[in-house]
Amino acid sequence: MSLEQEQAQELIDFIHQSPSTYHAVNNIRKELNEAGFQELDLREEWKIEKGGKYFTTKNGSALFAFQIGSGEIEEEGFQLICAHCDAPGFKIKPNAEISVEENYMKLNTEVYGGPILNTWMDRPLSIAGRVAVKSNDPLNPEHLYVKIDRPLMVIPNLAIHMNRAVNDGVALNRQVDMLPLLAMITDEMEKDNCLVNLMAKELKIDAEAIIDFDVNLFEVDKGCIFGLNQEFISSPKLDDTAMAHAGLKALLANKGSKKTQLLGVFDNEEVGSVTKQGAGSPVLRHLLQRIVFKLGKNVEAFHRTIYNSFMISADMAHAVHPNVPEKHDPTNRPFINKGPVIKFHANQKYTTDGDSSTVFETLCKNAEVPYQKFVNRSDLVGGSTLGNVSTSQLDMRTVDMGNPMFAMHSVRETGGVKDNAYIRKVFTYFFGL
């Protein structure tokens with residue numbers, strides 16, 4: 001196995017171990033702890049110093065890790081790589097159990113973000129997320145992570161014999177068609193508390209201790225490397241765990257410099273980022289202020305720091321599709337395994353401009369990595385990302401970029417083995433400046 005394939009397998013393993021935002025953040029926390037980073041509690045006073053390595057979390061689903069540079073922060077600024085770890089899918093609703101004619105048990109779910117719905121059907125699924133349990137402090141419940149590592153349910157399709165138009169395109173009803181089948185109902189089953197009992201058994205606690213939960217569905221089958229030359233990655237959640245993972249590896253490889261490096265992994269990008277742990281909140285601005293002030297600097301120094309900083313907003317990009325290549329712009333055509341993609345939008349759904357693009361192009365050239373550019377077709381409306389949302393809180397120079405991929409928001413997406421290695425190389429170079 002080549003180094004590129006080894007790195008791709010690392011990504012696949014990380015995603016498989018991170019089926020919820022809470023698991024992703026907790027797995028990043030473990031790697032940071034092993035690398036000597038000190039965890040800081042947002043509710044307590046901080047003591048930080050030059051050369052120190054630190055991280056903090058928000059809501060258990062967003063994380064910010066930083067290494068303080070040896071230079072004066074108002075002169076050197078921050079170098080930021082920001083990504084997100086949430087993905088479109090299905091959240092389980094409260095009181096989720098639904099009986100079907102006293103024979104089947106299915107679960108009531110709510111769609112999160114914009115998934116490609118039909119890709120979730122007829123696949124082995126399970127549940128993962130956060131469970132809140134009783135504690136001695138009513139304002140601070142204890143949180144446990146649940147991940148059931150076995151096939152639990154399926155969202156079954158309707159047979160073609162009962163839906164002859166299925167291959168002509170069918171509008172799926174989110175409340176009717178997308179509910180997962182969990183079990184056959186038995187006399188011994190506590191039908192109204194089946195899900196809580198299941199999670200309690202997995203966590204080895206009393207069901208009565210569980211007060212509430214934030215739990216989502218995930219695909220059980222692990223990602224893989226495929227292709228004639230083992231050049232592609234097939235995995236859930238490449239958007240955008242792949243960028244978060246690459247940023248983490250770059251930060252861990254950093255040996256320190258005059259500049260202060262920061263990795264931001266946000267939650268809720270797929271639903272607009274306007275949450276306390278999203279890029280549209282003041283959480284990053286507050287964090288940067290706190291770092292600057294704790295280094296003994298004043299408000300003027302904070303503003304200078306921001307204007308001497310640079311952010312890479314890292315979120316996956318669309319590759320030219322082999323079956324429908326006409327969906328891309330006629331002159332800007334990124335392909336898988338041809339390097340990271342700089343994203344442009346005239347109406348500023350992406351933050352990239354000529355200045356920030358030049359910075360990222362130079363980083364790629366210096367790291368000896370190819371790069372590509374993406375612009376939507378002028379007659380198609382594309383998506384946006386956390387870059388333009390975060391700049392509503394911080395007026396910082398920013399470039400929007402990401403690795404090229406197919407089937408964004410499918411339960412299983414496709415990326416490139418080489419691209420994963422390329423982006424780790426660029427990010428590592430950026431953090432090493």
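This is a predicted model: local features need pLDDT of at least 70, side-chain atom pairs count only at pLDDT 80 or more; totals for chains, interfaces and linings use all residues.

1. In total, 16 residues line the cavity.

2. To find the spot on screen, look for Ala87, Lys91, Tyr112, Asn216 and Lys237, which are the lining residues nearest the centre of the largest cavity. Two elements, β5 (89–100) and β10 (210–219), each give two or more residues to the lining. Which of the elements supplies the largest share of the lining? That is β5, with three residues.

3. How much space are we talking about? The volume of the largest cavity is about 130 Å³, and the structure holds four cavities of 30 Å³ or more.

4. Next, please turn to a sheet of three strands. The sheet is open, its pairing is antiparallel, and its order reads β11-β12-β20. Because β11 (224–226) and β20 (413–416) are at the edges with a single partner strand each, one side of each has no neighbour in the sheet. From one strand to the next, the twist averages 30°.

5. Within this sheet, have a look at how β12 (residues 232–235) meets β20: the two strands run antiparallel and are joined over four bridges. A handy landmark is Phe232, which stands opposite Gly416 in β20.

6. Helix α10 (residues 417–431) lies across β11, β12 and β20, and runs at about 65° to β20.

7. Now for a parallel pair. Strands β16 (residues 341–344) and β17 (residues 372–375) run parallel and are joined by four bridges; Lys343 has Phe374 in β17 as its bridge partner. Together with helix α8 (residues 354–366), β16 and β17 form a β-α-β unit, and this unit is right-handed.

8. Finally, does β16 run parallel or antiparallel to β18 (residues 397–402)? The answer is antiparallel, with two bridges joining them. To see this pairing for yourself, find Ile342, which stands opposite Met401 in β18. So that you can compare the two partners of β16 on screen, keep β17, which runs parallel to β16, in view too.

Terms used: Residues are numbered from 1 along each chain as its sequence is written. Side-chain values use heavy atoms; hydrogens and water are left out. Two strands pair if DSSP finds at least two bridges between them. Axes are lines fitted to C-alpha atoms, for helices over the stretch in contact, and angles run from 0 to 180 degrees between N-to-C directions. Contact means heavy atoms within 4.5 Å. A crossover is right-handed if, with the strands pointing away from the viewer, the path from the first strand over the helix to the second runs clockwise. On a 1 Å grid over the protein atoms alone, a cavity is a set of points where a 1.4 Å probe fits but cannot get out, and a pocket is an open set with protein on both sides within 12 Å along at least five of seven lines; lining residues have an atom within 4 Å of a point. Grid points are joined across faces, edges and corners, and a volume is the space filled by probe spheres set on the points.
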